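Here's a quick briefing to keep beside the model while you click through it. Have the viewer open and follow along.

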Amino acid sequence: MLPKRLRISKAATDNLKVLKSRTGLTPNLVCRMALLLSLEEGPAGGQRPVPELGSEFNAPTLFGEFAFLFESLLRQVHGQLDPKDCVPVIIGHIDNGLEQLRKSRSLTDLLQHSGLVIAT
């Protein structure tokens with residue numbers, strides 16, 4: 001079900017550049033966090049149309065060894081998707097999640113905005 005390649009929006013690409021400079025995390029890791037954050041909210045985040053004018057990722061880079069987990073979560077939230085319908089849903093979720101994460105100023109902020117608990 002997961003695509004071999006996908007292109008995110010220009011706005012998402014810009015958000016990734018800013019978050020990389022603030023946190024030092026690579027774009028694929030931040031995309032994974034954004035996708036999970038948006039999936040947690042339900043299907044609405046993946047239903048908005050997003051222009052695919054930004055960075056392109058291949059599946060192994062974007063999902064890594066967790067591809068099966070992401071596919072399972074997508075099915076849990078959206079049910080069975082056609083492969084062609086899967087791309088806009090994933091892009092919508094990444095865009096939605098990055099909008100929430102873009103206000104992060106540091107790695108600690110990013111973790112807090114993503115809902116991860118930080119033990120001190």
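This is a predicted model: local features need pLDDT of at least 70, side-chain atom pairs count only at pLDDT 80 or more; totals for chains, interfaces and linings use all residues.

Buried here means under 20% relative accessible area, exposed means over 50%, and partly exposed is anything in between, with a 1.4 Å probe and protein chains only. Residues are numbered from 1 along each chain as its sequence is written, and side-chain values use heavy atoms, with hydrogens and water left out.

**Helix α2**

- Helices (H or I, at least four residues) and strands (E, at least two) are DSSP runs, numbered from the N terminus.
- Helix α2 covers residues 27-41, and its end C-alpha atoms are 21 Å apart. That agrees with the 21 Å its 15 residues should span at 1.5 Å a residue, where the expected span is 1.5 Å times one less than the number of residues.
- After α2 comes G42, with a positive phi near 110°.

**Helix α1**

- On α1, the buried residues are A12, T13, N15, L16, L19 and T23. They sit on the same side of α1, because they cover an arc of only 160° around the axis, taken from the directions from the helix axis to the C-beta atoms.
- K17 and S21 are exposed on the other side of α1.
- What do the buried residues of α1 pack against? Their partners are α2, β2, α5 and α6.
- Just after α1, G24 has a positive phi of about 85°.

**N96 in α5**

- N96 belongs to helix α5, residues 83-101, and is buried at a relative accessible area of 12%.
- Leaving aside residues up to four places away in sequence, N96 touches S38, E41, G45 and R48; contact means heavy atoms within 4.5 Å.

**The aromatic pair**

- There is one aromatic pair in the structure. The ring centres of F63 and F70 are 5.5 Å apart with planes at 50°, so the pair is tilted.
- Rings of Phe, Tyr and Trp (its six-membered ring) pair if their centres lie within 6.5 Å; planes under 30 degrees apart are stacked, over 60 edge-to-face, and the rest tilted.
- F63 is buried at 1% relative accessible area, and F70 is buried at 2%.

**Salt bridges**

- Side chains of opposite charge can pair when their charged atoms come close.
- The count is five salt bridges, each a side-chain nitrogen of Lys or Arg within 4 Å of a carboxyl oxygen of Asp or Glu.
- R5 pairs with E56, the closest N and O atoms being 3.2 Å apart. This pair links distant parts of the chain, with R5 in strand β1 (residues 5-7) and E56 in strand β2, 51 residues apart.
- K10 pairs with D14 at 2.9 Å between the closest N and O atoms. Both are partly exposed, K10 at 44% and D14 at 32%.
- E71 pairs with R75, with closest N and O atoms 3.1 Å apart. The two lie in helix α4, four residues apart, about one turn of the helix.
- Salt bridges that share partners join R5, R7 and E56 into one network.
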